[in-house]
Amino acid sequence: MRWKLLIIASLLAAVVGAGVCFAAAHLLLDPARAQASPGWIAAATLLVPLAATTYAAIFVYRHTARRRALQAAATVLFALTLTLTALLLGSILLDRPTPEFLPAPLIKNS
(Lines give C-alpha, C1' and ligand atoms only; values in the text may rest on other atoms or scores of the structure.)
Protein backbone atom coordinates (compact mmCIF):
# COMPACT_ATOMS: atom_id res chain seq x y z
CA MET A 1 0.00 0.00 0.00
CA ARG A 2 1.04 3.54 -0.61
CA TRP A 3 0.44 4.92 2.86
CA LYS A 4 1.90 8.36 2.19
CA LEU A 5 -0.42 8.90 -0.75
CA LEU A 6 -3.42 7.62 1.17
CA ILE A 7 -2.76 9.81 4.21
CA ILE A 8 -1.86 12.98 2.30
CA ALA A 9 -4.87 12.68 -0.03
CA SER A 10 -7.20 12.04 2.91
CA LEU A 11 -5.81 14.97 4.90
CA LEU A 12 -6.11 17.34 1.95
CA ALA A 13 -9.66 16.19 1.26
CA ALA A 14 -10.60 16.69 4.91
CA VAL A 15 -9.01 20.15 5.11
CA VAL A 16 -10.62 21.33 1.87
CA GLY A 17 -13.99 19.79 2.68
CA ALA A 18 -14.24 21.06 6.24
CA GLY A 19 -12.71 24.44 5.41
CA VAL A 20 -15.08 25.17 2.56
CA CYS A 21 -18.00 23.87 4.60
CA PHE A 22 -17.18 26.25 7.47
CA ALA A 23 -16.55 29.17 5.11
CA ALA A 24 -19.80 28.62 3.27
CA ALA A 25 -21.72 28.23 6.50
CA HIS A 26 -20.18 31.39 7.89
CA LEU A 27 -20.70 33.48 4.77
CA LEU A 28 -24.02 32.13 3.52
CA LEU A 29 -25.78 31.09 6.71
CA ASP A 30 -24.73 33.91 9.01
CA PRO A 31 -27.35 34.15 11.77
CA ALA A 32 -26.57 37.84 12.29
CA ARG A 33 -28.30 38.64 9.03
CA ALA A 34 -32.02 39.03 9.20
CA GLN A 35 -32.57 37.08 5.99
CA ALA A 36 -34.11 33.67 6.14
CA SER A 37 -31.73 31.42 4.26
CA PRO A 38 -33.22 28.54 2.31
CA GLY A 39 -32.59 25.00 3.42
CA TRP A 40 -30.94 24.01 0.15
CA ILE A 41 -27.98 26.29 0.92
CA ALA A 42 -27.39 24.42 4.16
CA ALA A 43 -27.62 21.11 2.34
CA ALA A 44 -25.28 22.35 -0.40
CA THR A 45 -22.54 23.09 2.13
CA LEU A 46 -22.34 19.36 2.84
CA LEU A 47 -21.78 18.50 -0.82
CA VAL A 48 -18.29 20.03 -0.86
CA PRO A 49 -16.79 17.55 1.66
CA LEU A 50 -18.33 14.69 -0.32
CA ALA A 51 -16.90 16.07 -3.58
CA ALA A 52 -13.44 16.50 -2.03
CA THR A 53 -13.54 12.95 -0.66
CA THR A 54 -14.64 11.57 -4.01
CA TYR A 55 -11.83 13.42 -5.79
CA ALA A 56 -9.28 12.08 -3.29
CA ALA A 57 -10.55 8.52 -3.74
CA ILE A 58 -10.36 8.76 -7.53
CA PHE A 59 -6.88 10.30 -7.28
CA VAL A 60 -5.64 7.46 -5.07
CA TYR A 61 -7.31 4.87 -7.28
CA ARG A 62 -5.63 6.24 -10.40
CA HIS A 63 -2.17 6.55 -8.82
CA THR A 64 -1.82 3.07 -7.35
CA ALA A 65 -0.96 -0.15 -9.11
CA ARG A 66 -2.20 -2.86 -6.73
CA ARG A 67 -5.24 -3.18 -4.52
CA ARG A 68 -6.78 -0.09 -6.03
CA ALA A 69 -10.28 -0.58 -4.68
CA LEU A 70 -9.04 -1.26 -1.15
CA GLN A 71 -6.89 1.87 -1.11
CA ALA A 72 -9.67 4.01 -2.56
CA ALA A 73 -12.10 2.70 0.07
CA ALA A 74 -9.56 3.32 2.83
CA THR A 75 -9.08 6.86 1.54
CA VAL A 76 -12.82 7.49 1.61
CA LEU A 77 -13.20 6.16 5.15
CA PHE A 78 -10.19 8.06 6.46
CA ALA A 79 -11.15 11.32 4.71
CA LEU A 80 -14.75 11.18 5.91
CA THR A 81 -13.63 10.38 9.46
CA LEU A 82 -11.22 13.31 9.44
CA THR A 83 -13.82 15.62 7.92
CA LEU A 84 -16.48 14.69 10.47
CA THR A 85 -13.95 15.11 13.27
CA ALA A 86 -12.95 18.54 11.98
CA LEU A 87 -16.58 19.62 11.64
CA LEU A 88 -17.43 18.39 15.13
CA LEU A 89 -14.41 20.01 16.77
CA GLY A 90 -14.94 23.19 14.79
CA SER A 91 -18.55 23.44 15.82
CA ILE A 92 -17.60 22.91 19.45
CA LEU A 93 -14.72 25.38 19.43
CA LEU A 94 -16.40 28.05 17.31
CA ASP A 95 -19.73 27.91 19.10
CA ARG A 96 -21.03 31.36 19.79
CA PRO A 97 -22.23 31.73 23.35
CA THR A 98 -25.87 32.62 23.63
CA PRO A 99 -26.59 35.79 25.53
CA GLU A 100 -27.96 35.21 28.97
CA PHE A 101 -31.12 37.08 29.71
CA LEU A 102 -31.11 38.31 33.26
CA PRO A 103 -34.37 39.21 34.91
CA ALA A 104 -35.03 42.91 35.25
CA PRO A 105 -34.31 44.24 38.74
CA LEU A 106 -37.33 44.97 40.87
CA ILE A 107 -37.96 48.64 41.47
CA LYS A 108 -39.56 49.52 44.77
CA ASN A 109 -42.01 52.39 44.71
CA SER A 110 -42.12 53.96 48.14
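This is a predicted model: local features need pLDDT of at least 70, side-chain atom pairs count only at pLDDT 80 or more; totals for chains, interfaces and linings use all residues.

Trainee: At what angle do the axes of α1 and α4 cross?
Mentor: Helix α1 covers residues 3-28 and helix α4 covers residues 68-93. Their axes come within 8 Å, and α1 passes α4 in a right-handed crossing. The crossing angle is roughly 35 degrees.

Trainee: Is α3 roughly parallel or antiparallel to α4?
Mentor: The axes of α3 and α4 come within 8 Å and cross at roughly 150 degrees. Angles over 145 degrees count as roughly antiparallel. Therefore α3 is, relative to α4, roughly antiparallel.

Trainee: How many charged residues are in the contact of α3 with α4?
Mentor: The crossing of α3 and α4 is right-handed. In α3, residues including P49, L50, Y61 and R62 meet α4 residues, among them R68, Q71, V76 and L80. The residues of this contact of α3 with α4 divide into eleven nonpolar, four polar and, for the charged class, two.

Trainee: Why is α1 described as roughly antiparallel to α3?
Mentor: The axes of α1 and α3 come within 8 Å, and the crossing is right-handed. Angles over 145 degrees count as roughly antiparallel. The label applies to α1 and α3 because their axes cross at roughly 165 degrees.

Trainee: How many polar residues are in the contact of α1 with α3?
Mentor: Residues of α1 including L5, A9, V16 and V20 meet residues of α3, among them V48, A52, F59 and V60. By class, this contact of α1 with α3 has 13 nonpolar and no charged residues, and its polar residues number two.

Trainee: Which helix gives the most to the lining of the second largest pocket?
Mentor: About 170 Å³ of space lies in the second largest pocket. Both α1 and α3 (47-62) supply at least two residues of its lining. With six residues, the helix that gives the most is α1.

Trainee: Which class do the lining residues of the second largest pocket belong to?
Mentor: The lining of the second largest pocket is made up of L5, I8, A9, L12, A13, V16, A52, Y55, A56 and F59. By class, the lining has no polar and no charged residues, and the ten residues are nonpolar.

Definitions and conventions: Residues are numbered from 1 along each chain as its sequence is written. Side-chain values use heavy atoms; hydrogens and water are left out. Axes are lines fitted to C-alpha atoms, for helices over the stretch in contact, and angles run from 0 to 180 degrees between N-to-C directions. Helices (H or I, at least four residues) and strands (E, at least two) are DSSP runs, numbered from the N terminus. A crossing is left-handed if the near helix is turned anticlockwise from the far one by less than a right angle, and right-handed if clockwise. On a 1 Å grid over the protein atoms alone, a cavity is a set of points where a 1.4 Å probe fits but cannot get out, and a pocket is an open set with protein on both sides within 12 Å along at least five of seven lines; lining residues have an atom within 4 Å of a point. Grid points are joined across faces, edges and corners, and a volume is the space filled by probe spheres set on the points. Ala, Val, Leu, Ile, Met, Phe, Trp, Tyr, Cys and Pro count as nonpolar, Asp, Glu, Lys and Arg as charged, and the others, Gly among them, as polar. Angles under 35 degrees count as roughly parallel, over 145 as roughly antiparallel, 65 to 115 as roughly perpendicular and the rest as oblique. Contact means heavy atoms within 4.5 Å.
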